[in-house]
Structures are given as structure tokens and as C-alpha cells.
Amino acid sequence: MTIWVDADACPVVIKEILFRAADRSGVPLVLVANQSLRIPNSPWIRCLQVPRGFDVADNEIVRRLVAGDLVITGDIPLAAEVIEKGGHALNPRGEQYAADTIRARLTMRDFMETLRSSGIQTGGVAALSQADRKRFAGQLDRWLSRLPHS
């Protein structure tokens, strides 16, 4: 199993949680980004730099992931593709995307995008809170605990 990170928009504090988890568990962690990233020197952590462009990192993650892998992303369309391919998707706030709710999430995202494009102010995303970080770490630990131990 591999943990893939949609790294361009992933908060630093979440990356740090992931770095510690990869080293502790020995699960490969791959950060996919269109820019160079600083990562710790670890046999479990690597960065995959992709060209700039719309959805290039997302498409690379979907192309490489296998069923059972975990993808860290706040991108709902990417999460839908991951689930469709048999992977797991978790956002940086600790919300696990699920097959039975992802279509509703996509519909709401598209609706909000329509509102924004018509000039309606919908507000921004709240800052990542301590509770969000704790929820993320807990969900990550639950996913790691379900992996077969070698």
C-alpha cells in the first residue's frame, strides 16, 4: 500500500504528520506536486514532480494508484476518481470521502462553483484548526492500523 499526497495544496502541518507516520509505519509516502518540495531524508518518503498544468498532479496520482492505496486531497473530483478506482481518499481536515456520499459532494461543489462564477460571494475555507489536525491524524492512524503487518 502507498499513501499519495496531492501536495501542491496540502498544508505543511499535514505533511509533517504524514512524514512521521511513513517513518513510523514503513508505508511508502509519495508527494505529487508541480514544484520542488523539501522532504525529510527517509527511505519511505519521496516526491514526484510533475509538469505544471490543470489536473496534471491529479491525473498522475490516479494513473499510479492501485486499489487499497490512500490519497490525501481536498480535491473532491480527485477523491471521486480515487474511490472509483478502489482507493481510499482522506482530506486534510480528516474527512474520509466515501463511495455513498461522493456524488452528493461533487454536486454541492459544482453548485458552489456556479454560484461563485455568477458573482455570488460564498466565503472562503476556514483555517485548519487543531481539531482538524487531530481528526486527520486519527483517521490516518485508523487506515494504517487496518494494513496487514509483515
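Helix H1 passes helix H5 in a right-handed crossing. A crossing counts as right-handed if the near helix is turned clockwise from the far one by less than a right angle, and left-handed if anticlockwise. Helices (H or I, at least four residues) and strands (E, at least two) are DSSP runs, numbered from the N terminus. The model is predicted: local features need pLDDT of at least 70, side-chain atom pairs count only at pLDDT 80 or more, and totals for chains, interfaces and linings use all residues. Residues are numbered from 1 along each chain as its sequence is written, and side-chain values use heavy atoms, with hydrogens and water left out.

H1 covers residues 12–25 and H5 covers residues 130–145. Their axes come within 11 Å and cross at roughly 25 degrees. H1 is therefore roughly parallel to H5. Angles under 35 degrees count as roughly parallel, over 145 as roughly antiparallel, 65 to 115 as roughly perpendicular and the rest as oblique. Axes are lines fitted to C-alpha atoms, for helices over the stretch in contact, and angles run from 0 to 180 degrees between N-to-C directions.

From H1, the contact (heavy atoms within 4.5 Å) takes in Val 13, Ile 14, Ile 17, Leu 18, Ala 21, Arg 24 and Ser 25. H5 supplies Arg 133, Phe 136, Ala 137, Leu 140, Asp 141 and Leu 144. These residues divide into nine nonpolar, one polar and three charged. Ala, Val, Leu, Ile, Met, Phe, Trp, Tyr, Cys and Pro count as nonpolar, Asp, Glu, Lys and Arg as charged, and the others, Gly among them, as polar.

H1 has 14 residues and reaches 20 Å from its first C-alpha to its last, close to the expected 20 Å. The expected span is 1.5 Å times one less than the number of residues. Seven positions in H1 are listed as buried: Ile 14, Lys 15, Ile 17, Leu 18, Phe 19, Ala 21 and Ala 22. Buried means under 20% relative accessible area, exposed over 50%, and partly exposed in between (1.4 Å probe, protein chains only). The buried residues of H1 pack against S1, S2, strand S3 (45–49), S4 and H5. Just after H1, Gly 26 takes a positive phi of about 75 degrees.

H5 has 16 residues and spans 22 Å between its first and last C-alpha, close to the 22 Å expected. Its buried residues are Asp 132, Phe 136, Gly 138, Gln 139, Leu 140, Trp 143 and Leu 144. They pack against H1 and several strands, including S1 (3–6) and S4 (70–72). Arg 135, also in H5, is partly exposed, at 37% relative accessible area. Arg 135 touches Arg 93 and Gly 94, not counting residues up to four places away in sequence.

Strand S2 (residues 29–33) holds Val 32. Val 32 is buried, with a relative accessible area of 0%. Its C-alpha lies 6.0 Å from that of Cys 47, 15 residues away in sequence. Beyond four places in sequence, the contacts of Val 32 include Trp 4, Val 50 and Ile 61. Leu 31 is also found in S2 and is buried at 1%. The C-alpha atoms of Leu 31 and Val 5 are separated by 4.7 Å, though 26 residues apart along the chain. Among the residues that Leu 31 touches are Lys 15 and Phe 19, both buried in H1.

Asp 55 has a positive phi of about 65 degrees although it is not a glycine. Asp 55 is found in the loop between S3 and helix H2 (56–64). It is partly exposed, with a relative accessible area of 30%.
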